[in-house]
Amino acid sequence: MNEIIAITIGAILSWINFVIIDIWMGLPESPGVRGAEAIGKSIENRGGDLGGGYFSGNIVCSPDASAGTLLASCGYYAFGSPEGGLIAALFVYFGNRICADPGYAGTTGALSATILIWAATYIGINPQNFIVGMLLAALTIQGIYHPYSSKLIGKMARKMNRKVIKD
Amino acid sequence: MVMIEFPYAAVILMIVGAIGGLLQTRPIDKILMLAVLGDGLISMIAAYQYLDVAMASSFMTFVGIIIIMIGLIRTLEIKKARGELF
Amino acid sequence: MIEETIIAGIIIYMGLRLFITQDSLERMPYLNVINFGVAAIITLKNPSPLGVVTSMIYFIMATVAANAIAFTINKIKEIEHGND
Amino acid sequence: MISPTETLPWISFYLGIALLVIGSLGVVFGPKASKEPIIRLINLTVPITGIALIFISYNYTLTMLTILSVNTMFYIITIRAIIRLEEMEALY
């Protein structure tokens, strides 16, 4: 298979994986730590959505499903078998506990990414395509232009019934 | 087909970290640029394939950054209590 | 080989963009993308169990440092402008 | 294009010397470095990183680890001293 097509498919699969799991575990609802709240308010001041800003801040401040997907694909690539994904899940859980988060989003993301990569090897997509694809997915959320990406995340969160909890 | 090898990215990270870390004036911006400088150092060590050294130096660099930030917050609180801040 | 080119290009682009922006809270997601790239390429250049353990420890320590930097930015803003 | 995998010691050696010179000038003459000592302490990290790069270009890994760990201990002691001087108001 051509490498460009494989990297594109890997990017789309890992984007869907980490965005769906992070929204489902409730990252746009509330900021976990106080730094995430500051980043979300800053993105809202620059013309974005508050839920997407909390999502971005939570990804920056603790290893969530995005880090789970990246480290699971790294472990699968280095070990050559699905046991690398389990080691990655253990490390992501330790990292979450250090950063004072409950730690369910990262572990769930790592395990689901392991299953996804194991299924994708049968159609010819290697784990290194998933590593590059995860980096491209993180670039589209965090690096291009923050208002557009936060509005997209806010729209998806409202569709999945995970609104911002106002107190 | 243009190829960008990995140590060039590490060199650009270290130059950005050094110039930005020296020329900024607020302390928190300087600390953020120091994190970029540490990233460049660790990736340059990993390009030499000394993996245990990279593991230990990632501990040292980031623990040093956290210690500097504790001192920065304490210093600003003392200045606020003395009334010298604004 | 094309993976290394893509990752190095993303790291260089994020470094230059982090150099020219002025808002300190806007820089944090760019720093996060740089951490992702470095953790990806450590494993991609050294495909061994020690390499992946190095990558995981680096990523977790960098995330803890980013957490502390964001907390410090919020705390300094509270100290300078009063806690409201 | 020259491949950097063969020229990696040259690149890290000259980059280390450049960082050492620029960082030393920045520690002495940097902006606002003479008013606040913590800014001078933060600037001091840049020449330390240059020294570490020079050591890694000669494959002296244990020396580089010693430099980095002594640097961290130096941070702890100096931060403690700066806080104590601020408390005693004897800085200026």
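This note goes through the chain interfaces and the nonpolar cores of a predicted model.

1. Chain B and chain D form one of the interfaces, in which 39 residues of chain B are in contact with 42 residues of chain D. Between them the two chains bury about 3,800 Å², and 80% of that area lies on carbon and sulfur atoms.

2. The polar part of this interface comprises two salt bridges between chain B and chain D, together with five residue pairs in polar contact, both residues of each pair being at pLDDT 80 or more. One salt bridge joins the side chains of Arg74(B) and Glu87(D), with an N to O distance of 3.5 Å. On the side of chain B that touches chain D, the elements giving two or more residues are helix 1 (6-23), helix 2 (27-47) and helix 3 (51-82) of chain B, and helix 3 of chain B gives the most, with 15 residues. By residue class, this side of chain B divides into 27 nonpolar, seven polar and five charged residues.

3. Chain C and chain A form another interface, where 39 residues of chain C are in contact with 44 residues of chain A. The buried area is about 3,700 Å², of which carbon and sulfur atoms give 77%. Of the area that chain C buries against chain A, Phe36(C), Met56(C) and Ile60(C) supply 16%, more than any other three residues.

4. Across the interface of chain C and chain A there are two salt bridges, and in the one between Arg34(A) and Glu78(C) the closest N and O atoms are 2.9 Å apart. Five residue pairs, both members at pLDDT 80 or more, are in polar contact across this interface. Helix 1 (2-20), helix 2 (27-45) and helix 3 of chain C each give two or more residues to the side of chain C that touches chain A, with helix 3 of chain C giving the most, 16 residues. That side of chain C is made up of 26 nonpolar, eight polar and five charged residues.

5. Two chain pairings lack contact: chain A and chain B, whose closest C-alpha atoms lie 13 Å apart, and chain A and chain D, whose nearest C-alpha atoms are 21 Å apart.

6. The largest nonpolar core has 124 residues, among which Phe18(A) and Met28(C) touch the most other members, while helix 3 (residues 49-81) of chain C gives the most to this core, with 16 residues. A second, separate core of five residues includes Tyr76(A), Ile117(A), Ala120(A) and Phe130(A).

Notes
Residues are numbered from 1 along each chain as its sequence is written. Chains are lettered from A and ligands numbered from 1 in the order in which they are written. This is a predicted model: local features need pLDDT of at least 70, side-chain atom pairs count only at pLDDT 80 or more; totals for chains, interfaces and linings use all residues. Side-chain values use heavy atoms; hydrogens and water are left out. Contact means heavy atoms within 4.5 Å. Buried area is the accessible area (1.4 Å probe) that two parts lose on being put together, summed over both. A salt bridge is a side-chain nitrogen of Lys or Arg within 4 Å of a carboxyl oxygen of Asp or Glu. A polar contact is a pair of N or O atoms within 3.5 Å; within protein, one must be able to donate a hydrogen and the other to accept it, and residues adjacent in sequence count only if both atoms are side-chain atoms. Helices (H or I, at least four residues) and strands (E, at least two) are DSSP runs, numbered from the N terminus. Ala, Val, Leu, Ile, Met, Phe, Trp, Tyr, Cys and Pro count as nonpolar, Asp, Glu, Lys and Arg as charged, and the others, Gly among them, as polar. A nonpolar core is a set of buried Ala, Val, Leu, Ile, Met, Phe, Trp, Tyr and Cys residues joined through side-chain atoms within 4.5 Å. Buried means under 20% relative accessible area, exposed over 50%, partly exposed in between (1.4 Å probe, protein chains only).
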